[in-house]
Amino acid sequence: MPVSPLNRRAFLQKSAVTGAAVAAAGAVGTGSAEAADAGHRPQKAPRTWSFSILGTTDLHSHVFDWDYYTDATYKDSKGNSVGVARVATLIKQQRAAKGDDRVLLVDAGDIIQGTSLAYYYARVDPITGSDGHKGPKHPMAIAMNAMRYDAAALGNHEFNYGIETLRKFEKQCHFPLLGANALDAKTLRPAFPPYAVKRVRVPGAPDIKVGILGLTNPGIALWDKDNVAGKMAFTGLVEQAKKYVPRLRALGCDVVFLTDHSGLDGSSSYGNELPYVENASNLVAEQVPGIDAILVGHTHTEVSSYTVTNTETGKAVVLSEPYCYGMRLTVFDFELELVHGQWKVTSTKAQTLNSNTVEEDAEITELLKADHDLVVKYVNTPVGTCTADLSAAEACWKDVPVMDFIHQVQMATVATGLSAADAALPLISVAAPFSRTADIPQGDVTIRDVAGLYIYDNTLYGKKLTGAQLKDYLEYAAKYYHQVPSGTKVDTATLTNANNFWDYMYDTAAGVSYDIDIAQAEGSRIKNLTYNGTAVTPDQVFVVAVNNYRANGGSGYPHIASADIAYSSTNEIRQLMIDYVTSKGTLDPADFAAANWKLTQDGTAVF
């Protein structure tokens with residue numbers, strides 16, 4: 001009796017393995033006598049076959065289960081664990097259960113930004129090298145090469161440190177970085193490989209050809225305008241998928257798999273600033289025929305399995321998003337049948353596995369421990385002292401001194417670079433509370449204390465807004481709050497994040513005073529907007545210190561993207577904050593704290 005291929009039931013059972021890896025390969029034996037007999041007969045071509053594609057996304061340079069800002073093991077309210085070292089264990093288990101030749105591994109982008117480790121290898125000891133010396137290898141390239149990734153899509157944060165850093169990372173990877181809609185600005189041809197074709201070997205039968213198409217986020221044109229303008233252009237996911245999915249089918253691909261750095265709810269945080277949808281994976285599945293499954297990224301959510309019906313073919317397309325930071329691993333299981341010499345997909349299923357069920361992989365740990373230890377030492381470097389504890393715990397509903405620290409640094413920096421005419425204008429600042437857990441302690445202050453407050457690699461702009469535009473801007477920010485009628489007690493647990501407006505999207509202002517009346521409807525909440533005690537007039541002109549993400553249209557704020565530029569710099573705001581503490585020696589809230597905004601209900605202060 002010939003050796004039989006791994007059957008459907010066994011294959012699906014093995015997909016969920018999260019404990020000790022079970023022994024498996026591409027075939028199951030049936031007894032020594034029969035096996036010996038099979039060795040003398042030609043192997044019959046299998047009629048069915050199964051394989052898996054494993055997926056990660058938004059790893060953001062989390063290598064271990066560690067929080068560089070707290071200098072401790074990562075902890076959240078749901079008991080999640082992070083890091084590619086744990087994901088590597090899940091991957092090894094899947095390969096052991098199914099056989100290496102039945103497993104592909106793909107990522108959906110945002111790899112090289114997001115932790116102090118990412119910053120260290122982009123700016124402190126850059127992979128591009130410095131002072132004539134060759135740079136180190138990026139720890140994420142080391143890890144992902146060791147984990148044997150087959151492909152990865154470009155994420156928007158891949159562009160945060162500039163194209164040179166991204167190209168160096170690309171060279172260090174043993175797998176392609178895909179971006180069918182990341183185009184050369186001059187030729188409008190893909191600047192990165194649009195797709196890769198992999199083969200799954202089937203003994204005695206044709207290989208299964210798997211086309212992997214990578215799509216990145218069109219929002220890069222706004223969010224990283226300073227790094228990509230004039231160099232690259234970013235088109236829509238649907239538009240490029242319509243071009244390349246048929247091409248992959250024409251190449252004979254039996255399975256077409258997409259890895260999209262784009263969410264699946266059809267929304268855009270940047271409003272009408274761009275003609276392309278930010279979170280378009282569901283639209284791709286719905287509008288582009290010929291797709292079997294999509295690995296989704298960008299929105300940092302867990303969607304274990306989500307099915308969209310293609311409107312043209314009626315075919316079900318399976319999508320999955322494995323959260324972020326290595327918290328989950330998606331497993332796509334494909335079953336195929338050989339029909340007239342060609343493989344046809346008969347079943348596609350997806351699930352997510354939780355990395356907190358396993359330990360960190362010893363191989364990845366050994367490869368990256370020295371890099372990790374170096375970064376831990378770096379972030380614990382003292383830069384000064386602080387006279388009081390500065391917490392961001394209430395920054396989302398109160399004007400707290402730690403936010404005024406950000407505003408102070410932004411305004412002081414912009415003030416040094418203004419023309420004489422612009423220096424005569426009133427200068428204000430806007431900034432968002434990025435982390436509610438941030439805390440600069442009383443006493444010694446380290447790099448990680450400051451970095452924990454400002455977690456993004458934003459640079460600084462000064463843009464000019466009129467008084468009327470500033471009021472529009474603040475009204476837009478105020479939609480962050482749910483409406484709470486006068487007389488109703490305000491519960492901070494349910495007050496914020498209305499309209500899916502997340503903390504990083506909510507700007508407070510310094511340099512002007514105002515109230516936000518949460519008893520009022522959206523668009524009518526900003527009251528008593530004054531500058532130096534005098535009501536702001538509609539035609540009054542301000543210089544607004546603002547980060548590059550917001551200045552270029554991030555989160556869809558009105559007026560700011562098209563506003564005149566009074567100042568711009570490539571210096572990162574986080575580093576400016578570190579430099580401020582270093583130069584002062586002591587961080588004293590008496591130098592910058594000013595309660596200039598508050599929440600009200602029909603004119604009565606809430607807190």
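Guide: Setting aside residues up to four places away in sequence, Thr235 touches Asn181, Leu183, Pro218, Gln240 and Tyr276. The model is a predicted one. Thr235 is located in the loop between strand S12 (232-234) and helix H9 (237-250). Its relative accessibility is 16%, and because buried means under 20%, Thr235 counts as buried.

Thr600 belongs to strand S32 (residues 597-601). With a relative accessibility of 1%, Thr600 counts as buried. When neighbours within four places in sequence are left aside, Thr600 is in contact with Asp515, Ile516, Asp517, Ile518 and Ala519, and also with Ala605 and Val606.

A search of the whole structure finds 24 aromatic pairs. In one of them, the ring centres of Trp223 and Tyr270 are 5.8 Å apart and the planes stand at 55°, so the pair is tilted. This pair links distant parts of the chain: Trp223 is in helix H7 (residues 220-223), Tyr270 is in the loop between S13 and H10, and 47 residues separate them. Trp223 counts as buried, at 5% relative accessibility, and Tyr270 counts as buried as well, at 0%. Tyr514 and Trp597 form another aromatic pair, which is stacked, with 6.4 Å from centre to centre and 15° between the planes. Here too distant parts of the chain are linked: Tyr514 is in strand S26 (residues 513-517) and Trp597 is in strand S32, 83 residues apart. Tyr514 has 2% relative accessibility and counts as buried; Trp597 has 6% and also counts as buried.

Arg102 lies over the face of Trp49, 3.8 Å from the ring centre. Likewise, the charged end of Arg167 sits over the ring of Phe192, at 3.8 Å from its centre.

Helix H6 (163-172) is one of the elements against which the buried residues of helix H5 pack; the others are helix H3 (84-98), strand S6 (103-107), helix H4 (116-124) and helix H11 (362-379). Helix H5 (residues 139-146) is mostly covered, with seven of its eight residues buried. The buried residues of H5 are Pro139, Met140, Ala141, Ile142, Ala143, Met144 and Asn145. Just after H5, Arg148 takes a positive phi of about 65°.

Strand S13 (residues 255-260) runs parallel to S14, and four bridges join the two. Within this pairing, Leu258 stands opposite Ile294 in S14. From S13 the chain crosses through helix H10 (residues 281-287) to S14, and this β-α-β crossover is right-handed. S14 also pairs with strand S16 (residues 316-322), again in the parallel sense, over three bridges. Val318 in S16 is the bridge partner of Ala293.

Finally, these parts may be set within the whole chain. The chain has 18 helices and 33 strands. Of its 607 residues, 56% are buried. Among contacts between residues at least 6 apart in sequence, 76% join residues at least 24 apart. Taken along the principal axes, the C-alpha atoms fill a box of roughly 95 × 55 × 50 Å. A compact globule of 607 residues would have a radius of gyration near 25 Å, and the 27 Å of the chain agrees with this.

Notes. Residues are numbered from 1 along each chain as its sequence is written. This is a predicted model: local features need pLDDT of at least 70, side-chain atom pairs count only at pLDDT 80 or more; totals for chains, interfaces and linings use all residues. Side-chain values use heavy atoms; hydrogens and water are left out. Two strands pair if DSSP finds at least two bridges between them. A crossover is right-handed if, with the strands pointing away from the viewer, the path from the first strand over the helix to the second runs clockwise. Buried means under 20% relative accessible area, exposed over 50%, partly exposed in between (1.4 Å probe, protein chains only). Contact means heavy atoms within 4.5 Å. Rings of Phe, Tyr and Trp (its six-membered ring) pair if their centres lie within 6.5 Å; planes under 30 degrees apart count as stacked, over 60 as edge-to-face and the rest as tilted. A charge sits over a ring if NZ of Lys or CZ of Arg is within 6 Å of the ring centre and within 35 degrees of the ring normal. The radius of gyration is taken over C-alpha atoms; the globule rule is 2.2 Å times the number of residues to the power 0.38.
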